[in-house]
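These are my notebook entries on a structure that is new to me. I set down what I looked up, in the order in which I looked it up.

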Amino acid sequence: MTARRLASWAAGLSIDAIPETTRRAALRHLLDGIGNGIGARRLGQGGPGLTVARALGGPAQAHPLGDAEAISAPAAAFANGVLMHALDFDDTHAGALVHPTTVVAPAVLAVAEEVDATGADTVVALVAGLEVACRLGAAAPHGFHARGLHATAVVGPLAGAVASGLLYGAGTDVLTNAIGIAASSSGGLLEFLDTGANTKTLHPGNAGFSGVLAARLAVAGASGPESVLEGRRGLYRALADRDIDPDIIVADLGTRWESASIGIKPYPSCQLMHAALDAVGAAVVTAGEQGREIVPGEIASIAVDVHPDSVEIVCGPGTGTRSPRSVYDAKFDLPWSVAALVHDGAVTVDTYAVDSIGRPEVATTAGLVEVTTVPDDRPAADAAGRAVITFADGSRVVGEVPCSRGTSGRPMDDAAVAAKFRGNSGGGDASDDLVDAVFGLSNASSVVPITTLATTIVAAG
């Protein structure tokens, strides 16, 4: 069974078996996830999740990012999952359309702190969890989304269970049970897209919490169905309404590493609009090269190409015809985000502030955005982007990109990820020290310096 094959591979994984490039990629994603969580704290996002996690309390095992007081590991994993996803600035695996780090890193940090794991063991658990999350999602691309489910919340508990189980010292049998147990916690409805609610931010928290609990239950002797992936009532048949080829999930395990295919976001919004934003940005640059300033009042239309699988998520009913109903709603409104880019020259966390999303002039420009669905053989998150800005005088500028920045086709290097982290954390000596601590984790004795530095940064404001 596929769950056992995944468990067997993970149980036998060692730091020496992971190529240095893969380790480094995983650490970039860990740094990015921590930075997004710290950024959420600094901007006052993710508060309800943090409040509830603290109230759960429990033995002092792990720290929510930025907190001086430790709580139980499952509660800390919940808090950090919510924080890392709160800004929608976290990484995306294009083929799986999953946010892998935000469901794996919270569980890893919490359990590694709980059991005082070495840095090397922590990196092994991180890499294994990322691999499981990406592979499970990629086996049914857009399959969960088509059923109204958030793929991250479907595969997240399983990936978190594998990562947590490794840190608890689980072998193949226990990890297999943990996967089977965790799958019963899979879910995550996309109904928020029609309301502007921010329940999506809770999904990674639930996944991390469930993953840690599943691992603990398996260690304690609970059993889970080994057929949970390919079974007739298993994950894919129940939640994606399709059969999958199990070999796709386990093909080339240990030789093909999906960490290298995880994209890091340059914009704090849904990944599926990033190619369009980059294309509009390229058109703005072209206009500047021609000596033309982009004046929103002189624009007649902004035409953008969008992958068919992206339309329902970022160009749904009401987008472009009304102001966003909430901060989170704006992050899934492609026309409004394009308009904000045109007005502000950039899309940052400030773009989606409460006082920003209500600007009538941006809403007016959003009404000029015309979306054309363009087929692309690649996954939606890896698609090309094209934009045409037409002015009232009939002239126009064109912007094109082969894929969005941060994806595997245009990846961010260590320096770019560190720069994004410093932007989220506010910079300073403690931020620099945390960058060094994460990139040096493979040789560290524990993760405590990382969580301690996160507390220092948040306390400094």
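Does Arg292 count as buried, partly exposed or exposed, and at what relative accessibility? I found that Arg292 counts as partly exposed, because its relative accessibility is 23%. I note at the outset that the model is predicted.

**Entry 1: the pair at Arg292**

I looked up the partner of Arg292 and found Asp393, whose side chain meets that of Arg292 in a salt bridge at 3.5 Å, N to O. Asp393 sits in the loop between β5 (385-391) and β6 (396-401), while Arg292 sits in the loop between α13 (274-289) and β3 (299-306). The two residues are 101 residues apart in sequence, so their pairing ties these parts together. Asp393 counts as exposed, because its relative accessibility of 55% is over the 50% cut-off.

**Entry 2: other salt bridges**

I searched the whole structure and recorded 27 salt bridges. Side chains of opposite charge can pair when their charged atoms come close. In one of the bridges, Asp173 pairs with Arg4, and their closest N and O atoms are 2.8 Å apart. This pair links distant parts of the chain, since Asp173 belongs to helix α9 (residues 172-182) and Arg4 to helix α1 (residues 2-11), 169 residues apart. I then noted that Arg4, Asp173 and Glu226 are linked in a network of salt bridges. Arg4 is partly exposed, with a relative accessible area of 30%.

I also examined Glu258 and Arg256, which form a salt bridge with closest N and O atoms 2.2 Å apart. Glu258 is buried, because its relative accessible area of 10% is under the 20% cut-off. Arg256 is partly exposed, with a relative accessible area of 31%.

I followed the contacts of Leu434 in detail. Leaving aside residues up to four places away in sequence, Leu434 touches Leu31, Ile34, Ile38, Phe421, Ile450, Leu453, Ala454 and Ile457.

**Entry 3: the whole chain**

I counted 21 helices and six strands in the protein. The C-alpha trace spans about 70 × 50 × 40 Å along its principal axes. For 461 residues, a compact globule would have a radius of gyration near 23 Å, and the 21 Å of this protein agrees with that. Buried residues make up 59% of the 461 residues. Among contacts with a separation of 6 or more, 77% join residues 24 or more positions apart. The protein exposes about 16,300 Å², of which carbon and sulfur atoms supply 51%.

**Entry 4: the record**

I consulted UniProt last, where an unreviewed entry lists residues 4-242 as "domain: MmgE/PrpD N-terminal". In the model, this span is 60% helix and 1% strand, and its end C-alpha atoms lie 21 Å apart.

Notes
Residues are numbered from 1 along each chain as its sequence is written. This is a predicted model: local features need pLDDT of at least 70, side-chain atom pairs count only at pLDDT 80 or more; totals for chains, interfaces and linings use all residues. Side-chain values use heavy atoms; hydrogens and water are left out. UniProt positions are given in the numbering used here, feature names are shortened, and annotations may be inferred rather than shown by experiment. Helices (H or I, at least four residues) and strands (E, at least two) are DSSP runs, numbered from the N terminus. Contact means heavy atoms within 4.5 Å. A salt bridge is a side-chain nitrogen of Lys or Arg within 4 Å of a carboxyl oxygen of Asp or Glu. Buried means under 20% relative accessible area, exposed over 50%, partly exposed in between (1.4 Å probe, protein chains only). The radius of gyration is taken over C-alpha atoms; the globule rule is 2.2 Å times the number of residues to the power 0.38. Accessible areas come from the Shrake-Rupley method with a 1.4 Å probe; for residues, only the protein chains shown count as cover.
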